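Hi,

Here is the structure I promised to pass on. Have a look at it first, then read my notes below.

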Amino acid sequence: MLFSASLRATLLFGILVALAFEITEGGQVTLIPDADTSVAITRSLSGINCTVCVKDRSSMKCHKEITLKGGPNVSVEFTCAQPQDVFTVAISKNIGCNLNSCNTKVVQAQSSLFMDFNRTLHWDIKGQPKNAFQVDFSGYGLRQILPSESCPDLQKYTVVAYQRVGLTRIGMFCKGGMISKIQVLYKGRVSLQVPGNALNVSNFEILPGPVLKRLAIIEVNLKPESSVTFMSPNYPEYFPDDDYMTWKFSVPRKNNATVQFLHYTEPSCVKKDAEVEYHRTNSNNNNTLGKSLGEEQPSHMQQDFTMSLNNCEDDKSSSVGLSLKFEIIVIKSHLPGR
């Protein structure tokens with residue numbers, strides 16, 4: 001017996017999607033992925049007799065998992081009554097950016113397509129070779145978490161950069177933080193894990209960015225009298241060899257910010273040294289300060305500032321690389337000035 005979904009449809013996320021998704025006997029889910037979108041349906045539970053079936057013009061074929069890409073209309077059906085308990089869904093879309101715009105600006109993450117299923121949404125973004133693309137989360141803000149942590153609403157964001165040396169995870173994030181924007185050099189991916197029947201899946205914007213001579217920039221709007229934790233890319237694993245990363249902090253008026261390192265590992269360098277560089281962005285003077293990982297870091301900074309992590313060329317035979325977990329503490333200022 002086949003079970004599927006009766007639906008009305010609209011265009012969202014690059015495919016024809018359901019406005020109503022209700023498991024019924026004898027219906028069909030019709031998907032029309034565009035050329036830049038794919039839908040992967042994978043069985044997450046073993047030992048259960050349930051398959052996903054695809055009907056084309058003349059035949060019906062059933063599988064444990066399928067991937068649908070741009071092409072003719074297909075109908076998807078399942079051989080069990082509660083497929084959302086058996087399968088997970090991944091929807092991937094390619095987005096391209098030129099110097100002026102991206103072919104998708106506002107990403108509409110909320111979709112009723114497979115809404116009952118645990119699903120992962122991927123946006124693979126490609127900008128210009130020397131430029132960044134920018135992901136704008138300023139409508140709700142993000143906070144960084146460890147890979148082992150989960151989010152209160154079970155919606156976890158992941159941002160990665162595609163480099164010649166391989167994939168670098170910029171970080172994992174939950175909604176409701178101080179991170180407003182993330183710039184990534186050239187190519188990367190934004191992913192969002194969404195549980196079944198999730199509500200309030202927020203949109204975000206993807207925009208072309210400026211010329212970028214580093215891996216990424218994370219922009220942070222610090223809140224008065226607060227503290228927030230950040231981690232280097234790939235943490236608790238190691239930051240890429242001979243690479244460069246920046247955090248850009250906006251300090252609220254009548255507050256000051258102090259940097260505290262909570263944990264770090266130092267690489268064995270063969271060229272230059274791993275260091276942290278600070279620059280006050282609103283200063284007319286050359287207020288650039290370099291610090292080693294073991295030194296005391298700046299405190300009571302009243303102006304907006306950037307913090308850059310600069311890795312050395314490390315010894316490939318060493319088993320220890322560069323990693324950093326740090327905290328920004330914001331307190332009310334008792335000093336005159338800003």
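**Pockets and salt bridges**

Keep in mind that this is a predicted model.

Pro129, Tyr162, Gln163, Arg164, Leu185, Tyr186 and Leu215 line it, and by class that makes five nonpolar, one polar and one charged.

Now for the charged pairs. Side chains of opposite charge can pair when their charged atoms come close. How many salt bridges turn up in the whole structure? The search finds five.

One of them joins Asp153 and Lys175, at 3.8 Å from N to O. Asp153 sits in the loop between β15 and β16 while Lys175 is in strand β17, so this pair ties together parts that are 22 residues apart in sequence. Asp153 is partly exposed, at 31% relative accessibility.

Asp242 pairs with Lys272, and their closest N and O atoms are 3.2 Å apart. Both sit in loops, 30 residues apart, and the pair links distant parts of the chain. Asp242 is partly exposed at 42%, and Lys272 is partly exposed at 48%.

Then there's Asp314 with Lys316, at 3.9 Å. Is Asp314 buried or exposed? Asp314 is buried, with a relative accessible area of 13%, whereas Lys316 is exposed at 60%. Through shared partners, salt bridges join Asp241, Asp314 and Lys316 into one network.

Cheers

Terms used. Residues are numbered from 1 along each chain as its sequence is written. This is a predicted model: local features need pLDDT of at least 70, side-chain atom pairs count only at pLDDT 80 or more; totals for chains, interfaces and linings use all residues. Side-chain values use heavy atoms; hydrogens and water are left out. On a 1 Å grid over the protein atoms alone, a cavity is a set of points where a 1.4 Å probe fits but cannot get out, and a pocket is an open set with protein on both sides within 12 Å along at least five of seven lines; lining residues have an atom within 4 Å of a point. Ala, Val, Leu, Ile, Met, Phe, Trp, Tyr, Cys and Pro count as nonpolar, Asp, Glu, Lys and Arg as charged, and the others, Gly among them, as polar. A salt bridge is a side-chain nitrogen of Lys or Arg within 4 Å of a carboxyl oxygen of Asp or Glu. Helices (H or I, at least four residues) and strands (E, at least two) are DSSP runs, numbered from the N terminus. Buried means under 20% relative accessible area, exposed over 50%, partly exposed in between (1.4 Å probe, protein chains only).
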